[in-house]
Structure formats: structure tokens, C-alpha cells
Amino acid sequence: MSEVLQDASPEASGAATAVGGYTPAPRSALDAEAVKAAYRRWAGVYDALFGGVSAFGRKRAVAAVNSLPGTAVLEVGVGTGLALPHYRSDKRITGIDLSGDMLDRARQRVARMNLRHVDALLEMDAEDTRFADGSFDVAVAMFVASVVPNPRRLLAELKRVVRPGGHILFVNHFLATGGVRLAVERSMARASRSLGWHPDFAIESLLPPADLARASIHPVPPAGLFTLVVLPRDPAAPSAETRA
């Protein structure tokens, strides 16, 4: 398995961005071992604790994938495989995750439900996959952007493996712009390593201004806690882009 790449530059790791008068402190990178340890703890209870609250975002993302052209789909952060039964049967799904414990449960789900449209479930670093350029028509990253050490590298890697004219989707929790939720997310940020994700993750840490302007952004229930982002892959772009 490839080692998670580290980069101290603000561009690569997601520079602190002022949101609603609050500037998040510089984020400490969640290294691969921190993520694995966190999700090793969560694996056995993930479906029960998070399956319900994340269901709206997950189903919206899959519905968006099902409506898009192309059959080769990469699901980044496949976890325990909660989304896998909801894809159309003509979509061919490759799922990747950094957590072997979560993948074990996803493989059990695939076998139990006889999900023949799932081609592979692989333990792999989303920032540095082993796929060839332009391998997929669609890549969807569910609840991953606030987990990886370098969100811009994740974005660049997905641009590399998705063909020009394809689509990249994210469903994620992004930092609130004000109110009680912003205060809660600020207070939770200190527990990032234990949680395995960054509660104070701003969308600008993932998408540069040009991509933010091109993306379709859709709040997702409950209460807009999650957001679905659909980013068309520029048909004129080269098949491989320089990583941020």
C-alpha cells in the first residue's frame, strides 16, 4: 500500500480560510496511522452510529452517480460498503479505502447481498492511487475530503484518474458559516485525531476558486449538515494533471 504523502504547503494541505468571521487554526494532518486507528475503533459500530445520519448524503450521491453517463465508477472511502447496494446494476464499482477493517465489512456485505456490479474493493491511499490516467467515468468521494491529510492532492488525484468529460463528486460535511453549529465545530476541532476527521473543514480547503465556480453545490438533509458537490471534468483538460 502506498504511503500517504505529506506536504506542509498551505495549498496542498488546505490553507486556513476565514469563514463567518472565524479563521480555522492550521489543520494538523491526519496521517495514515491516525486514520487507520480511528476507523479501526469505528468499524464495528460505524453502521449503527453513522449509517443513519449519513444516509441522506450517501443516497443523494449515489443517485447523482446513477444519473451520469458512463459505467466505470470509483468510490473513494467506500468504508463498510453502505452505498454499494444503491448503485444501478449497469454501473461497475471499484471501491477504495485506507482502512482494512472497514473493507472487511464491505466485502462481507458484497458477498451477503450478491452485489455483482462491484468489481473490486481495494486498500489504497486516495491521494496516491495505483490506477492509470483516465480509468473512470465518475469518481465519488463520500465523507473523505475532511479525512485525508491533503485535500487538494485528493482533488488532483481524482482529476487524474477520471477521464476528461467525466465527473467528480464529493459529499461531505463542510464548516458552517455562522451560528451555533460553527461554535460546535470549532470546539470539536481539537479532537480531530480521535474522531478521524476535521469538523472545521472549509470547502475552500478542497476546491480552488476556479473549481468552486464550476461546481454544482447542493445542501443535503438533515439540516444541511452535509453538502453534495458535483464537479464536471473539463473535456479539454489533459488526462493527467499536476498534483497540487
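1. Helix α5 lies across β1, β4, β5 (162-172) and β7 (226-232), where contact means heavy atoms within 4.5 Å. Its direction is at about 145° to β5; axes are lines fitted to C-alpha atoms, for helices over the stretch in contact, and angles run from 0 to 180 degrees between N-to-C directions. Helices (H or I, at least four residues) and strands (E, at least two) are DSSP runs, numbered from the N terminus.

2. This is a predicted model, in which local features need pLDDT of at least 70, side-chain atom pairs count only at pLDDT 80 or more, and totals for chains, interfaces and linings use all residues. Residues are numbered from 1 along each chain as its sequence is written, and side-chain values use heavy atoms, with hydrogens and water left out.

3. Seven strands form an open sheet with mixed pairing, in the order β3-β2-β1-β4-β5-β7-β6. Two strands pair if DSSP finds at least two bridges between them. The edges are β3 and β6 (216-220), each pairing on one side only.

4. Strand β1 (residues 72-76) runs parallel to β4, and four bridges join them. L74 has A139 of β4 as its bridge partner.

5. Helix α4 lies across β2 (92-97) and β3, at about 165° to β3. The loop between α4 (100-113) and β3 (118-123) holds N114. This residue is not a glycine, yet N114 has a positive phi of about 55°. N114 is partly exposed, at 47% relative accessible area (buried is under 20%, exposed over 50%, partly exposed in between; 1.4 Å probe, protein chains only).

6. F143, in the loop between β4 (136-142) and α5 (151-161), also is not a glycine and has a positive phi, of about 60°. F143 counts as buried, at 17% relative accessibility.
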